[in-house]
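Colleague: Before we talk, could you put the sequence and the structure up for us to look at together?

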Amino acid sequence: MSTAAAPVRTLRTGTVLADLLPASRVRDVALVVGGAALTGLAAQLTVPVPGSPVPVSGQTFAALLVGTALGARRGFLSLALYAVVGMAGVPWFAEASSGYAMPSFGYILGMLLAATVVGALARRGADRSVLRTAGTMVLGSAIIYAVGVPYLAVATGMSLGQAVAAGLTPFLIGDALKAALAMGALPAAWKLVGRKG
């Protein structure tokens, strides 16, 4: 009598979650457009921060999730589409805003870069375990702030210290919660698809 468990499919590194769907150009276009739309929808989940022109929103979480799930190239294209369409006037930036003449636009540029970096890391398996996912989300958030905070300072005339106080410090707790969500969701998704294979 054998007690061997059913084999669990090992998913190779170099694959992101989106690669598990049947490959086609239509799939890639749908993923890019869907990622931009998800980011735009998540951006509408906002909480104003007293004393800051930047609200807490779901768009940073969505941007990092899109990059990780789609990979660097599709993540970049998705966030580029989000940025270009928003600059063209579609009100899907945080608080139903649009355009590029707003103090928080630097965060959108940072999200574009962050989605690309976390997507590249996901191709190397950085979204397969809780600890690696945490590191990936922290790095992605740091990239967003590295672009967004200096942009905020220049756009508003704040000193760098004032921009950090208004555009970074109030968001750290929320970012920790978003990272915790990703730490649970992404590795769980990989385990689920591994068991189904």
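Colleague: How many helices and strands does the protein have?

Modeller: This is a predicted model, in which local features need pLDDT of at least 70, side-chain atom pairs count only at pLDDT 80 or more, and totals for chains, interfaces and linings use all residues. Residues are numbered from 1 along each chain as its sequence is written, and side-chain values use heavy atoms, with hydrogens and water left out. Helices (H or I, at least four residues) and strands (E, at least two) are DSSP runs, numbered from the N terminus. Read along the sequence, they follow the pattern α-β-β-α-α-α-α-α-α, and the protein has seven helices and two strands.

Colleague: What share of the residues counts as buried?

Modeller: Buried means under 20% relative accessible area, exposed over 50%, and partly exposed in between, with a 1.4 Å probe and protein chains only. Of the 197 residues of the protein, the share that counts as buried is 44%.

Colleague: Is Ser52 buried or exposed?

Modeller: Ser52 lies in the loop between β1 and β2 (56-57). When residues up to four places away in sequence are not counted, Ser52 touches Ala166 and Phe171, where contact means heavy atoms within 4.5 Å. Because its relative accessible area is 14%, Ser52 is buried.

Colleague: Why does Gln44 count as partly exposed?

Modeller: Gln44 belongs to the loop between α1 (25-42) and β1 (46-47). Gln44 counts as partly exposed because its relative accessibility is 33%.

Colleague: What percentage of the contacts between residues at least 6 apart in sequence join residues at least 24 apart?

Modeller: Contacts in the protein between residues at least 6 apart in sequence are the ones considered here. Among them, the part that joins residues at least 24 apart is 68%.
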